[in-house]
Each structure stands twice: as structure tokens, then as C-alpha cells.
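Notebook open, model loaded. I'm jotting down what I looked up, one spot at a time.

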Amino acid sequence: MLRKLLAVAALAVVVAAAAVQAADPLPSWNDAGARAAILDFVAAVSDPASPDFVPVAARIAVFDNDGTSWCERPGYGPTRFQVSLLRSLVDRGQVDRDAMPFRAWLADDRDALREFGWNEAYRQMNAQFAGMPVSAYRDSVRAFLGRERHERFGVPLTDLYYRPMRELKAFLEAHGFQVWVVTGGAQDFVRAYLEEAFGVPPERVIGTWTTPVYEAHDDGRVTMVRGAEQVSNGHEHKPAHIELRIGRRPILAVGNNDNDEPMCRWTLGGERRALALWIHHDDPDREYAYDRGAERMAGLCRDHAAAHEVSMRRDWRRVFDHEAP
């Protein structure tokens, strides 16, 4: 009886595996070059008989967030949240609304912010949240995302994760990949909602982080609050922080602009077979069309056989879940 039960269980596993293989793993991807490259790559690195086989522990994939995994236009989500939080501090009299760069942030005066210096303006805004409990900051993120709607599409911002990227993540995980999100956005912002919205837990998010501070209170309570020091996670910092946090070179990387090019180049430079994808925003009808600041990513796709452009217009059958099938 035990042998029979084991045989039935083994057969069920084989049948289930065959069903998964037979189903279209990327139904929102058109039969274009990018889809074929993904399927070929995943098959090669997950087949023990393949010369390109990669052990499960080394199957690391890194996705950028803004503009790669979800829509980043017309307003950048993490910054929109920070400005809303800044406004609440101004309303409570904790920040001088007429001081720079806060006046420019509140007025969305981009010329003034550029003149002041984007990085310094962002650093000074972020420093206003020092001392805020990390848990309260994340609760504020969730409240913000719960009330905000996209200007064009009228849906919650978290509904704008790209359907094809959801499918790609699920396909990779079904083949033993560990998917991380590596973003230039605020790490605490992304960690607050990403597990529910995109299925990536907080411990697999690497972003621009604000160093937390441990506080012990006289009544025995301990809290973790935000400090003032901020560590950027853009450009060359991305591969450096991947090495710091993951300790393995990824074999798949996905990005949408030059902020992600070092991460993609680092991924392609290892000894194992690797793949890099550039999400190209060229579909003004279903999303947006822009590619300024993606010149290096485009060049990587021209120069490297394992780097591929993913055209939203050409490669994606559907962009968002709210689209009609």
C-alpha cells in the first residue's frame, strides 16, 4: 500500500510539472525577441543537463522598482509621499514653510529644486523625519497609498505594477529563482507595501536607506526611529549594495534607465550565463513614452548579446491588470 501511495504521489508531481510546462508562463508577453530570450535563458540555467545550469542557491534575480516593476509617471511615488509627509509637519508648525528647499517642495517648483541641488534638497527634506518611529513612517506610507489615485488611470498606485513583470517574477520563482527589488527609491517606503502589492518581502528590498536608531526608554520600552543619515542606492551603488546585502552576483537583472545600467552590467560580467532586460517606455497610448536618461541602457543592449530591450509597445500584450483583456 505504501509503495502504491508513493507511486501515485510521484505521478501527481510529474503530471503537475507537465501541466505547468504546458501552460503559457508569460501570457502578457508577445512572441517577440525578449520573450524568447527569457524562456531560453530560464530553461538553460534550470536544466541540470544543460552546460549553463546554475544551482538554485545562485539563481538571483534583481528588479528595479520605479519604471521597471510599476508605473513611475507622472509623479514619482516615494517623493510624492515624502512631500505629503513634509506638508503635514508644516501644518503642525514643525517645519518653516518659507525656508528653502521646503518652499520649493511644497510648490513643486522644479526649477528652484534644480538650482538648489536635487540631492541636497532631498537630503534636507528627509532629515525632517528624523526621530519618527520607523513603524509610524511605514503606517504613513500605507495610509498615503490607500488614499492616492493615479491622475490618468484613476486606480490606486499599487494597482500599477506591470502585469508582464508580475508574470516574469512568478515564472522565475517557479524555476527556483530568488527575486529581489533593488531601487533608488526610499527603502522604508517600498518595504511598507511591496509584499502585498508585488509579493517581495521586506528583507528582499534594497533601496536608498535612512539609518535607523535604537532607543531604550526609562519605562522599559524600546523603539526604532529614523535617523538623519541617508545612504543612496543609485547607479554604481546598486551593484555595491547587492554585494553587501546578498553576497552573490545576480544572473538576471531588469531596469529601465541609466540608474540601473551598472547593476545590469555587473550581472552580465560574471562567469555564469546571465541575462539583462531594459524596460523601454515607448507606449504613450497604454502608459507613457520617454527614454531620456536611458542612453547607456540602450547602448548595453546594442553591445551585449545577453542584454535585451523590452519594448512596452512591441513586447507586452497587456501592461496593467485593469486593462481590458
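Entry 1. I started with S311, which is buried, because its relative accessible area is 0% and the cut-off for buried is under 20%. Keep in mind that this is a predicted model. I looked up where S311 sits, and it belongs to strand 8. Next I checked its neighbours: leaving out residues up to four places away in sequence, S311 touches H280, D282 and W316. I also found a polar atom of the S311 side chain 2.9 Å from the backbone nitrogen of R314.

Entry 2. Then I moved on to helix 2, residues 33-46. How far apart are its end C-alpha atoms? They are 20 Å apart, and that agrees with the 20 Å that 14 residues should span at 1.5 Å a residue. I listed the buried residues of helix 2 as well: A34, R35, A37, I38, F41, V42, A44, V45 and S46. What covers them? The cover includes helix 8 (163-174), helix 13 (312-315) and strands 5 (252-255), 6 (275-282) and 8 (307-311). So strand 8, where I found S311, turns up again as part of the cover over helix 2.

Entry 3. Last stop, the surface. I found a nonpolar patch of about 320 Å², made by Y214, V222 and M224.

Conventions
Residues are numbered from 1 along each chain as its sequence is written. This is a predicted model: local features need pLDDT of at least 70, side-chain atom pairs count only at pLDDT 80 or more; totals for chains, interfaces and linings use all residues. Side-chain values use heavy atoms; hydrogens and water are left out. Patches are made of residues with over 30% relative accessible area and no salt bridge: like charges are joined within 9 Å, nonpolar side chains (Val, Leu, Ile, Met, Phe, Trp, Tyr) within 5 Å. Accessible areas come from the Shrake-Rupley method with a 1.4 Å probe; for residues, only the protein chains shown count as cover. A salt bridge is a side-chain nitrogen of Lys or Arg within 4 Å of a carboxyl oxygen of Asp or Glu. Helices (H or I, at least four residues) and strands (E, at least two) are DSSP runs, numbered from the N terminus. The expected span of a helix is 1.5 Å times one less than its number of residues. Buried means under 20% relative accessible area, exposed over 50%, partly exposed in between (1.4 Å probe, protein chains only). Contact means heavy atoms within 4.5 Å. A polar contact is a pair of N or O atoms within 3.5 Å; within protein, one must be able to donate a hydrogen and the other to accept it, and residues adjacent in sequence count only if both atoms are side-chain atoms.
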